[in-house]
Amino acid sequence: MIATLEAVSTNDRCGSAIPVASLESVSKNYEQIPALRNVNFSVHPGEVVALLGPNGAGKTTAVKLLLGLMPPSSGRARVFGQDPVNPVNRIRAGAMLQVGRVPETLRVYEHIDLFSSYYPKPLSIEETLAAAGLEKLRNRKFGDLSGGERQRLLFALAICGDPDLLFLDEPTVGLDVEARRTLWQQIRRLVERGKTVLLTTHYLQEADALADRIAVINRGQIIAEGTPAEIKAQTGGKQIRCVTVLNVGELLQLPGVSDVRQDREAVVLHASDAEAAVRALLALDPALSGLEIASAGLEEAFLALTRAN
Amino acid sequence: MSTAAAVLSRPQIERSTADTASIYLKEAKYEFLKNLRLRVYTASVISFPLMFYVLFGLVLNAKETIGATGVPTYLIATYGTFGVMGASLFGTASGLAADRGLGWLQVKRASPMPPFAYFAAKFALSMSFSAVVVSLLLVLGTALGGVRMPALELAKLLGTLVAGSLPFSAMGLAIGYFAGPNSAPPVINLFYLPLSFCSGLWVPYMFLPKAVQKIALALPPYHLSQLALGVVGAGRHESAAIHWEVLFAFTLICLGVARIGFQRDQGKLYG
């Protein structure tokens, strides 16, 4: 398994190598509702890519297409250069999906023992328990685990086959800060071992903490792609709050303003160049009052990016 | 491309027979453990037939006979059928409906699990719990109801009833593919209880109203109970071959319905 990884990693990390997983002009409709619209996206060997977007953006759909759990309406999905429904691929890929109910009466090690048996060269149960931080919980029944521990078990099931490629669909959703950080550490350790990871999340912070590359997805389309630094530069900027007589249309015309929202008696602008925007604001509305300028939070910047789309 | 062709033409994972056997065994073992620890399952599936048997076969009518057969013996066959049906329907349908509806089946399908291992485990679970229920009935009957049977007859009765788990496991799959995760248990009961009554599992066939007797002839549990009664010499002397044929045909129909549900799910999945 490691040999295969090395073979592919000899190619440039994110460069010309054949992608490990890709969506090629993929659209997916549920009934008539589009979930993905002409998406082109790929993950290269050794990379950690985050698919970042709000709920309902199409992140889970993208993962399920790559797992061969459903077919695209048009375009094609490829994993290791093959159709994802090829069961042979499943040996080399692990998946952590969002699950409503896991059999609660089985113990942690029993779940891992069963899933490990599906793979030809699994990690030992001890290794899997250690990688997921579950050593002390091995005899605990799933039903008696906390939310964070449950996610760690699902993580353990995804990695127990020692896959080259990992799909993590919202791995930390609903977890508290501490549980989230624990899982991040475990994901990082896996990445250090040269695994390729596709992660979906709606937390920019999480994508920033883990990913080499972020693809921002909204309403079924990829609207921005780049390193975390590039995405932050795109979504960065300042937040300007003031009371003004100018209307929304006029405010959006101001230099660098990408978003305007009403906040009680005031308006809140999102601007990439705060100084230019403020200069223009004051020129247009001498009576302007209550001016505040603040750094836009990462989450707010991300909201601005998805809203602008 | 039809779904079936797509499924069949896919390359398969190469595994040694030993590895494959080990997966099937583990899947069955954990399916068994999972349900054994599930009190809702064990309590309803095992205790109900036993309670009915103790009450109607041992406490109330122990000295009565039906034809030439003592009530305690007769009721092992009918409550045995009732127990097998319950173990099989609940063993397959409720788990499948929940696994399907709440995403667990998808996690398994994303793994390299051989798909049939999942279904085989459910059938194995149904058969083992059926064997447990029937054995307990036999123990109770022998210990407290004065039931005496030659060993061969005992084995034949147990074997017939456990084999009878298959049609109802197939029926459970069909229900599991169409019922929602929460509606599965009431839907199962909707079939289970009326079928049991109308097939003469609670009230012996000859005491059923005439109209119900006619209906019973069309019901699979009636045919299984007649096979079991035939073993203890209390059947209605119809051809055993016909009973087996009806059960076999019923199994095929149920598997056909389950297959439609399976493909409908794959349709969402594989188009």
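**View 1. Arg264(A) sits in a loop between two strands of chain A.** The model shown here is predicted. Arg264(A) is not a glycine, yet its phi is positive, at about 50°. Is Arg264(A) buried or exposed? Arg264(A) counts as exposed, because it has 7 C-beta neighbours inside 10 Å and the cut-off for exposed is 12 or fewer.

**View 2. Asp162(A) lies in a loop between a helix and a strand.** The loop links helix H6 (147-159) and strand E6 (165-169) of chain A. Asp162(A) is a residue other than glycine with a positive phi, near 55°. Why does Asp162(A) count as buried? Asp162(A) has 22 C-beta neighbours inside 10 Å, and a residue is buried at 20 or more.

**View 3. Chain B meets chain A.** On the chain B side, 28 residues are in contact with 27 residues of chain A. Three helices of chain B each supply at least two residues of the side that touches chain A: helix H2 (17-36), helix H5 (104-110) and helix H12 (240-270). Which element gives the most to this side? H2(B) does, with seven residues.

**View 4. The side of chain B that touches chain A holds nonpolar, polar and charged residues.** The nonpolar residues number 15. Six residues are polar. Seven are charged.

Conventions:
Residues numbered from 1 in each chain as written. Chains lettered and ligands numbered in written order. Predicted model: local features only at pLDDT ≥ 70, side-chain atom pairs only at ≥ 80, totals over all residues. Contact = placed C-beta atoms within 7 Å. Helix = DSSP H or I, 4+ residues; strand = E, 2+ residues; numbered from the N terminus. Nonpolar A, V, L, I, M, F, W, Y, C, P; charged D, E, K, R; others polar.
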